[in-house]
Amino acid sequence: MKTKEIKELSAEELSKKLRDMREELLNLNVRKGTGQVENPARIKQLRRDIARCETIKTQKK
């Protein structure tokens, strides 16, 4: 997800997006433990997207 796209989200949408991404990350980490991850690079991408969202959320306050 691009920074520009994140900045356009409202605070409520941003919170929902963060919750969804964290849930997906949790599921991927569980599957990683059992060796069933199809795209391991997605974990790194999600972690970075979550960090971007948190940064922009803090800036909006």
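## Reading the helices and their contacts

Author: Begin with a single residue. Ile56 touches Thr3, Ile6 and Lys7, leaving aside residues up to four places away in sequence. Keep in mind that this is a predicted model.

Reader: In which element is Ile56 found?

Author: Ile56 is found in helix α3.

Reader: How far apart are the C-alpha atoms of Ile56 and Lys7?

Author: They are separated by 6.8 Å, although the two residues are 49 residues apart along the chain.

Reader: Is Ile56 buried or exposed?

Author: Buried, as its relative accessible area is 5%. The cut-off for buried is under 20%.

Reader: Which residues of α3 are buried?

Author: Ile43, Leu46, Asp49, Ile50, Cys53 and Ile56. Viewed down the axis of α3, these buried residues fall within an arc of 155 degrees, so they line one face of the helix.

Reader: Why would a helix show a face at all?

Author: An α-helix has 3.6 residues a turn, so residues three or four places apart point the same way.

Reader: What is exposed on the other side of α3?

Author: Arg47, Thr58 and Gln59 are exposed there.

Reader: And what do the buried residues of α3 pack against?

Author: They pack against α1 and α2.

Reader: Let us turn to α2. How does its reach compare with the expected value?

Author: Helix α2 covers residues 11-34, which is 24 residues. From first C-alpha to last, α2 reaches 35 Å, close to the 34 Å expected.

Reader: What follows α2?

Author: Gly35 does. The phi of Gly35 is positive, near 80 degrees.

Reader: Which residues of α2 are buried?

Author: Leu14, Leu18, Met21, Leu25 and Leu28. What covers them includes α1 (3-7) and α3 (41-60).

Reader: How should I think about a nonpolar core?

Author: In soluble globular proteins, nonpolar side chains tend to be buried together. Here the largest nonpolar core has 13 residues. Met21 and Cys53 have the most contacts inside it. Helices α2 and α3 each supply at least two residues of this core.

Reader: What does Cys53 touch?

Author: Not counting residues up to four places away in sequence, Cys53 touches Ile6, Leu14, Leu18 and Met21.

Reader: Now the charged pairs. How many salt bridges are there?

Author: The count comes to four salt bridges. The rule asks for a side-chain nitrogen of Lys or Arg within 4 Å of a carboxyl oxygen of Asp or Glu. Among them is the pair of Asp20 and Lys16, with the closest N and O atoms 3.1 Å apart.

Reader: How are Asp20 and Lys16 placed in helix α2?

Author: They are four residues apart in helix α2, so about one helical turn separates them. Asp20 is partly exposed, at a relative accessible area of 36%. Lys16 is partly exposed too, at 47%.

Reader: What distance, N to O, goes with the salt bridge of Arg22 and Glu54?

Author: The distance is 2.4 Å. Arg22 lies in helix α2 and Glu54 in helix α3, so this pair ties together parts 32 residues apart in sequence. Arg22 is partly exposed, at 42% relative accessibility. Glu54 is partly exposed, with a relative accessible area of 26%.

Reader: Which residue does Glu24 meet in a salt bridge?

Author: Arg42, at 3.1 Å, N to O. Glu24 lies in helix α2 and Arg42 in helix α3, so the pair ties together parts that are 18 residues apart in sequence. Glu24 counts as partly exposed at 30% relative accessibility. Arg42 counts as partly exposed at 23%.

How values were computed. Residues are numbered from 1 along each chain as its sequence is written. This is a predicted model: local features need pLDDT of at least 70, side-chain atom pairs count only at pLDDT 80 or more; totals for chains, interfaces and linings use all residues. Side-chain values use heavy atoms; hydrogens and water are left out. The expected span of a helix is 1.5 Å times one less than its number of residues. Buried means under 20% relative accessible area, exposed over 50%, partly exposed in between (1.4 Å probe, protein chains only). Contact means heavy atoms within 4.5 Å. A nonpolar core is a set of buried Ala, Val, Leu, Ile, Met, Phe, Trp, Tyr and Cys residues joined through side-chain atoms within 4.5 Å. The arc is that of the directions from the helix axis to the C-beta atoms.
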